Amino acid sequence: MYLSLNWLKDFVNIPESITPEELGLKLTMHTVEIDKIKKQAEKLDNDVIFEVDNKSITNRPDLWSHYGMAREIATFLNVKLKQIKSTPLPFLVKGATKINVKIEDFKLCQRYMAVALDEIKIEDSPEWMQKRLISVGMRPINNIVDITNYVMLEFGQPTHIFDLSKIFNKSIIIRNAKNNEIIKTLDKQDRKLDNSMLVIADKEKPIAIAGIMGGVDSEVDNSTTSILIESANFNPILIRKTSQKLGLRSEASIRFEKFLDPNLCEIALVRIVELIKEFCPKAKIISELKDEKKYSLNHNIIKLDLEWVNKIIGKKIKEKEIIKILQNLGFGIKKNKNILIVTVPSWRATRDITIAEDIVEEIVRIHGYNNIQSIMPKTEMGNLSNNQEHLLERKIKNILSLGAGLSEAHNYSFVSEEQINKLGFEKSLALKLVNPTVAHQTMLRTNLFMNLLENVKCNQAMEEVIKIFEIGNIYINKPGNIEKDNKINNKLPYQEKHLAFVLANQQIKTSISNNNDLFQQAKNIIVYLLNYLNCTANFVQASLIPNWADNKIYVNIEALGKIIGWVGKLSFKTSSSLNIKKEIVTAEINLQELFSLLINQPTLKYQELPKFPPIIRDLAFVVDEKILYNDIKQEIINFNALIKQVELFDVYQGNKLGSSKKNLAWHLTYQTNRTLTSLEVDKIQADLVEQLKKVFFIQIRDF
Amino acid sequence: MNMKDKLLQLKDQVLKQLVNTKDVSVLRNLEIKYLGRKGELTKILRSVVDMGDVEKKDIGKLANNIKTEVINKFAEVKNSILTKTVNQSFVDVTLPGKIIDHGHLHPVTQVQNELEDLFISMGFMVLDGPEVESDYYNFEALNMPPYHPARDMQDTFYLDHKNKEKKYDLVMRTHTSNVQVRAMQKYGVPLRCIVPGVVFRSEATDACHDHTFYQLEGLMIDKDISITNLIAVTKKVLNGIFKKEMEIRIRPGYFPFVEPAIEIDIKCTICNGKKCSACKNSGWLELLPAGMVHPNVLKYGGIDSKKYSGFAFGLGLTRLVMMKYGINDIRLFNSGDLRFLKQF
Ligand SMILES: [Zn+2]
């Protein structure tokens, strides 16, 4: 909204010593932020324009006008505000043209004032009015339209003027629209209405969408001579819903939806008639004044305990100053001991000010926040319940970045349908946005690595090796376990924190790349991470391998007996469909799951140092490549209780071994609570070899 | 040759060879030849064990003396060779250290960690909250019933999910304030918590706007909490973040869930108050909307507003990170561009 300094000066005497910049700053500091101050040209009377962001005055219907702003200025400058005299309209009694106004539902329209005038001459409005309108960004049209705009900007009350001759039978009904009823609005658009909307209609047709826009059929044009002025108050929620449904917002609807003061109807109507008479001296009122209304102004009475006010502010503000501030803003004050009985003025009473805290704000903002000192709160020391999961998350980020050398990325929570399709995910599991801002971000991610692949794409031309991780939420279109609202058994969609990382390296040369290095690196990172968190990682075969993965190189991650994630290599097919030119291994871990495993783990306890030394023996053998490490390891560890640790230290595959064979080399640690002899250990190991020969057909090689 | 002569001859031989040795590896070979496990001198010393008592005493002593002498000579020669070698080759002491490759934490994470530590030191808990949120916790319980005009202040992403009244009732949270009432319900009073996290607005993106960014919500509820307390705590935090006394200004704001509502601006970190484009020529940067928790919100949280009062604030975390590092394009944060990420 734009405010003209010249216009404000109609209502308040601003001392010459205050520059426009100073005034703008004061408005910012006491009322609402002034975004910009613009000086107008000489032909616009050297006016100064203050710009206010509409969003910052949604709570203040009274500030959508020059008079309302002038009241604020008068208050913080502590100068006089020009009072608006409401001279009653000279009503016609004899020989009046009869007009009818009928409100069907006063809940939707609590007041409708109307009056008819004749001998109107449509022409340009006077130069002074045109200048003011142009100054605040409004295009002059003709004297009648300009007057309605002018009065709206002056007092904040939107009004509408109809051509009286175009209203059938001079009768007006304020009623709900009929379903599929059509009206052509002033912007020349056909608007299809429904019965949730409110229209101004004559007996035949709607002539305006109430509070939003008039219709073309009843428009004032150059041949108009008689008019009907509407000054009304419509239900703000109805206006808001209708304007959202129609996608039609106007200067009028923006104001009506802010809960306007119904008393304004009268002030605006009087002012309009006054201006019309000034511009068209021959014009005369030809009807009685219609004022259909049913409302009780909620003149809130708020009891204000001054001691409480000081306590909430934390500073004592003098009673005299408090009373002065409130009176300048239009509040009525009565005193009863230490209690102020405050009456809220009608322009603040519709919704804005209802409780004592609202009054505190009025006092403290005019007093000035910067005149309040700061004092740290005095509170008891509470129980500090630190958020274990959050601490773990921070730890994990540090391990991955500083320890494992990965860089942390943040990605949007959104993905495209195409991404989901290309990777073969279940689309029905993804939540969908109703109003996405771009076409490639329409769904919510169901995993993290989908967007990490995009990161690889963005970096692949510049970076040879890419190592990126992300921690963030995934979202599933199924009820989760977080309460949704105040109703029992309503749950928000499933959302949980995940960790994913991606490793990418050199160009893929052939369709069957045998290079498992990246896969091994990824597993190393997982083992490193979990070791750091005091638990061991196992890799167990997955029963189901997702579409996007290379079906030979994909495995589940197990920690503390639970599957917490997977690690896998992107298949060549997937890579090329995504235009990825590097070999990629990616892993994803359900952090929520991992957190709960870790938090429920008993705390680490010191182990007594072993009194007897271990004996370490190496063991190497050749075995069929399809026999799994996990199975062999299990067999060894279960073979004898003296075998305390089994560590695989080398895997070799090569032509020397013959096809589909691998050589595995192990360190076995034998230990117990007495001194072991070599003889004893040799015997166990020999038996173990026999056992492994039986179970896995291993061969001991001679090197 | 008797044993004695043999020993003396061996000694002469060793010492003579040592004089001509200029190389460490040659020296090492000599050491093995004479003093090693199967070395010549070692062999003789070993054979002493099998001699008769008289001979043993005599020869044994001599042999040991010779061994000591030879060992000392070896050490001496080795020392002089090493000294010479070092003196000969020049060491470029300015050669660089080898870079140990490490990863990088996202700049938002780094600043967030710093802030968390600051608040934890003042006794605040760190909480998380849902990012897909109900209309109820994102708006209604924050004193923004349906069709409240203040809902316009935040462009909202709605999810394709309707309630029984056929209305969209799920949103991407527009602020971390969605956790306010959840925290009150879960932890009661007194309450001191912060909620760092990502929030969403359905806006078109450009260098200054993104539909996804980070906030850090703060909430403190206790007996006798006042506006002066709010100002003091936020000042402490700003000083902590910027590690110097920050100049601030406080002006009225509007958020339906606080009353009174304020905006805390800091003196523009770019122009230092002299007015520039970054501060829209005001000399100030909007950083911290705040206010006293509205009694209606306390009521939704099950807290008696007659006994308790509190304050809340919502720090623009992403904005703060941009200020701190001088980042001029907000879209970099979610770009995954390693050239950006590796700078932090
Ligand atoms: Zn600046």
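Predicted model: local features only at pLDDT ≥ 70, side-chain atom pairs only at ≥ 80, totals over all residues.
Residues are numbered from 1 along each chain as its sequence is written, while chains are lettered from A and ligands numbered from 1 in the order in which they are written. Local features need pLDDT of at least 70, side-chain atom pairs count only at pLDDT 80 or more, and totals for chains, interfaces and linings use all residues, with side-chain values taken from heavy atoms, hydrogens and water being left out.

I turn to the domains, whose bounds come from an automatic or database domain assignment. Chain A is divided into domain 1 (2-77), domain 2 (100-293), domain 3 (301-369), domain 4 (388-600) and domain 5 (615-700). Between the C-alpha centres of domain 1 and domain 4 of chain A there are 54 Å.

Strands here are DSSP runs of E, at least two residues, numbered from the N terminus, and two of them pair if DSSP finds at least two bridges between them. In chain A, an open sheet of five strands has the order 4-7-10-11-12, with mixed pairing. Its edges are strand 4 (100-103) and strand 12 (213-214) of chain A, each pairing on one side only. Strand 12 of chain A meets strand 11 (residues 206-209) of chain A in the antiparallel sense over two bridges, and A:Met213 is the bridge partner of A:Ile209.

Where does A:Ser660 lie? This residue sits in the loop between strand 29 (643-652) and strand 30 (661-670) of chain A. Leaving aside neighbours within four places in sequence, A:Ser660 contacts A:Val623, A:Asp624 and A:Glu625. The C-alpha atoms of A:Ser660 and A:Val623 are separated by 8.7 Å, although the two are 37 residues apart along the chain.

Finally, the zinc ion. Its donors (N, O and S atoms within 2.8 Å of the metal, or 3.2 Å for Na, K and Ca; water is not among the atoms, so sites may look incomplete) are the SG atoms of B:Cys268, B:Cys271, B:Cys276 and B:Cys279, at 2.2 to 2.3 Å. Along the chain, these donors follow the spacing C-x2-C-x4-C-x2-C. Why is the arrangement tetrahedral? Because the four donor atoms subtend angles of 102 to 113°, and four donors count as tetrahedral if all angles lie between 85 and 135 degrees.

Definitions and conventions
Tetrahedral: all angles 85-135°; square planar, octahedral: opposite > 155°, others 65-115°. Helix = DSSP H or I, 4+ residues; strand = E, 2+ residues; numbered from the N terminus. Contact = heavy atoms within 4.5 Å.
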